[in-house]
Amino acid sequence: MKYTEEEILQHYKTEADRHGLNGACTIQDIRTRILEMRAILSYLHDGIKVLEVGCGNGFVAQKIVEELDIDIDAIDFSPEMIAIAKSRIMDSARGRVNYAHQDILTFKKNDEYDLVFTERCLQNLTSWDDQKIALLNIVNSLKPKGQLILLESFDTGHNNLNAARMELELPVIDPSWHNLFFNEKDTVEYLRSINCHFKDQNPFLSGYYFSSRLILPSIMPKNKPVTSKSVLNDYFCHMPAWGDFCPIKIMRFIKS
């Protein structure tokens, strides 16, 4: 274990204090957040009951219920994040969202949700054993035939991106200090063992990350820093999601 639960809580308290209601909370690159939100929305439709695990400051849940007539339970482990989420003005919402302070490791509901999604949440748990507990609690909360939209960071895309960077003599990108990336094979096998079967994957950020984390630093003038604020990324975020060159992606599972 390279970090503790207390360090995670302090990190997200700092994020909450720094960003408040802003969509850049927990992610430096707002384009990534927007692309994540669009990807999640593609799996949703009116009339379903949804659980969001790791809702942060409530930015994504608010945008979803403004577009769709659905019910969302949005939970997060950070009390500061939930306090901000509960302060949101929801006057233009078509759907309904209930924000709650909750630890996914102790979350106990059965056969309640049509769909559960995460958004870079379970990768903040401190061990694979804890990640398995979280996955089991999520699967238990799903109705039969319910969908798990697991938007997390995985080894494969991370390794592919770094292999490409090394070919261009760029330094590897290490995971953030508070992230434990998922192994795809282990994740698929464990979820199958608890009757939740792999359906497909969506590497929706692959084109953007290939461009912004590989092409951009390769063409940037020498000694000029590469940042997510580059206007070139306004173009790169529209690149097609070919290949698997980003750790962040969606793996979709269906409960038996």
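Which helix gives the most to the lining of the largest pocket? In this predicted model, that contribution comes from α1, which supplies five residues to the lining. When the lining residues of the largest pocket are sorted by class, 16 are polar, twelve are nonpolar and seven are charged.

The second largest pocket holds about 490 Å³ of space, and of the 31 residues that line it, Y12, D76, F77, C121 and N124 are the closest to its centre. Here again α1 accounts for the largest share of the lining, in this case with four residues, while α1, β1, α3 (59-67) and β2 (71-76) each supply at least two residues. The class composition of the lining of the second largest pocket is 15 nonpolar, eight polar and eight charged residues. Helix α1 therefore has a part in both linings, giving the most to that of the largest pocket and the largest share to that of the second largest pocket.Attention then turns to helix α5, which spans residues 128-141 and has 14 residues. From its first C-alpha to its last, α5 reaches 20 Å, close to the 20 Å expected at 1.5 Å a residue. Within this helix, Q131, A134, L135, N137, I138, V139 and S141 are buried, and the elements that cover the buried residues of α5 include the strands β1 (49-53), β4 (113-119), β5 (142-153), β6 (196-202) and β7 (248-255), together with helix α7 (184-193).

The loop between β4 and α5 contains Q123, a residue that counts as buried because its relative accessibility is 3%, which falls under the 20% cut-off. Leaving aside residues up to four places away in sequence, Q123 touches Y3, Q131, E152, S153, H178, N179, L180 and F182. One of these contacts, Q131, is itself among the buried residues of α5.

Key
Residues numbered from 1 in each chain as written. Predicted model: local features only at pLDDT ≥ 70, side-chain atom pairs only at ≥ 80, totals over all residues. Heavy atoms only, no water. Expected span 1.5 Å × (residues − 1). Buried < 20%, exposed > 50% of the residue type's maximum accessible area, 1.4 Å probe, protein only. Contact = heavy atoms within 4.5 Å. Nonpolar A, V, L, I, M, F, W, Y, C, P; charged D, E, K, R; others polar. 1 Å grid on protein atoms, 1.4 Å probe; cavity = no way out; pocket = protein on both sides within 12 Å on 5 of 7 lines; lining within 4 Å. Points joined across faces, edges and corners; volume = space filled by probe spheres on them.
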